[in-house]
Amino acid sequence: ASFSRSYLAPSRTAGESRHAEALQVLADILGGGTTSRLYQALVVKQKLASGAGAYYRGSTMDLARFHIYASPTPGGAPGSQVAELEAAADRVLAEVLEKGVSEAELERSKAGMIAAATYARDNVRRAARFFGRALATGRRAADVEAWPERIAALGVADINAAARHVLRLERSVTGLLLPKPAS
């Protein structure tokens with residue numbers, strides 16, 4: 001069983017592209033590992049999920065998607081577990097929309113993302129993938145090289161504006177994967 005939701009989002013080349021980097025940071029804050037908001041709320045505190053996360057891929061030629069997901073803990077009735085998981089995820093998103101992200105979350109996320117980008121440049125394959133993806137979607141090598149500075153320049157207001165722009169239920173699709181009922 002699992003819950004997932006995809007929001008229609010701007011990419012670096014389509015829509016409100018000024019939100020692209022902020023959406024990368026928002027995805028990290030919401031679901032970029034065990035310290036993320038979704039993981040902490042759904043897995044650690046509420047023990048509703050065995051895993052939870054978020055991701056955003058802004059390197060598309062058209063609009064992109066911002067995606068959240070979670071899988072319920074084993075046991076129990078999958079239908080009710082997934083519904084409870086969806087409601088809990090909605091509460092996390094509502095809190096982000098109402099109160100915004102914190103300066104501490106933003107700084108932790110930016111530091112981790114910039115460090116990961118720096119280490120990725122040490123790997124020939126990963127560096128080639130980053131540059132190739134950028135060039136294939138109409139960007140330049142200079143755009144890739146300047147990415148860490150653009151991430152570092154983001155503030156809490158940028159992340160919160162991107163969240164308000166994208167995290168709108170009417171511009172999303174929710175998927176609930178339930179096991180086949182026993183006959």
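**Rings, salt bridges and a charged patch**

Reader: Let me start with one tyrosine: does Y55 count as buried, partly exposed or exposed?
Author: The relative accessible area of Y55 is 23%. Buried means under 20%, exposed over 50%, and partly exposed in between (1.4 Å probe, protein chains only). At 23%, Y55 therefore counts as partly exposed.

Reader: Good to know! What kind of model is this, and which atoms do the side-chain values use?
Author: This is a predicted model, in which local features need pLDDT of at least 70 and side-chain atom pairs pLDDT 80 or more, while totals for chains, interfaces and linings use all residues. Residues are numbered from 1 along each chain as its sequence is written, and with hydrogens and water left out, side-chain values use heavy atoms.

Reader: Back to Y55: which ring pairs with the ring of Y55, and how is the pair classed?
Author: The whole structure holds two aromatic pairs. The partner of Y55 is Y69, with ring centres 6.3 Å apart and planes at 50 degrees. Rings of Phe, Tyr and Trp (its six-membered ring) pair within 6.5 Å between centres, with planes under 30 degrees apart called stacked, over 60 edge-to-face and the rest tilted. So the pair of Y55 and Y69 is tilted.

Reader: How exposed is Y69, and at what angle do the planes of Y56 and F66 lie?
Author: Y69 counts as partly exposed because its relative accessibility is 34%. For Y56 and F66, the ring centres are 6.4 Å apart, and the pair is tilted because the planes lie at 35 degrees.

Reader: Are Y56 and F66 buried or exposed?
Author: Y56 lies in strand β2 and F66 in strand β3, so their pair ties together parts ten residues apart in sequence. Both Y56 and F66 are buried.

Reader: Now for charges: which residue meets R5 in a salt bridge at 2.6 Å?
Author: A salt bridge is a Lys or Arg side-chain nitrogen within 4 Å of an Asp or Glu carboxyl oxygen, and the structure has seven. The partner of R5, at 2.6 Å from N to O, is D90.

Reader: How far apart in sequence are R5 and D90, and which residue joins them in a network?
Author: R5 lies in strand β1 (residues 2-9) and D90 in helix α3 (residues 78-99), so the pair ties together parts 85 residues apart in sequence. R5 is buried at 1% relative accessibility, whereas D90 is partly exposed at 29%. The network of salt bridges links R5 and D90 with E86.

Reader: Which helix holds the salt bridge between K110 and E107?
Author: The side chains of K110 and E107 meet at 3.4 Å, N to O. K110 is buried at 6% relative accessibility, and E107 is partly exposed at 38%. The two are three residues apart, about one turn, in helix α4.

Reader: Last one: which loop holds R57?
Author: R57 is exposed at 52% relative accessible area. On the surface, R57 gathers with R65, R125, R126, R129 and R133 in a patch of positive charge, to which helix α5 (residues 124-136) gives the largest share, four residues. Residues in such a patch have over 30% relative accessible area and no salt bridge, with like charges joined within 9 Å and nonpolar side chains within 5 Å. R57 lies in the loop between β2 (49-56) and β3 (64-72).

Technical notes. Areas by Shrake-Rupley, 256 points an atom, 1.4 Å probe, with all protein chains shown as cover. Lys, Arg positive; Asp, Glu negative; His and termini not counted. Charge placed at Lys NZ, Arg CZ, Asp CG, Glu CD.
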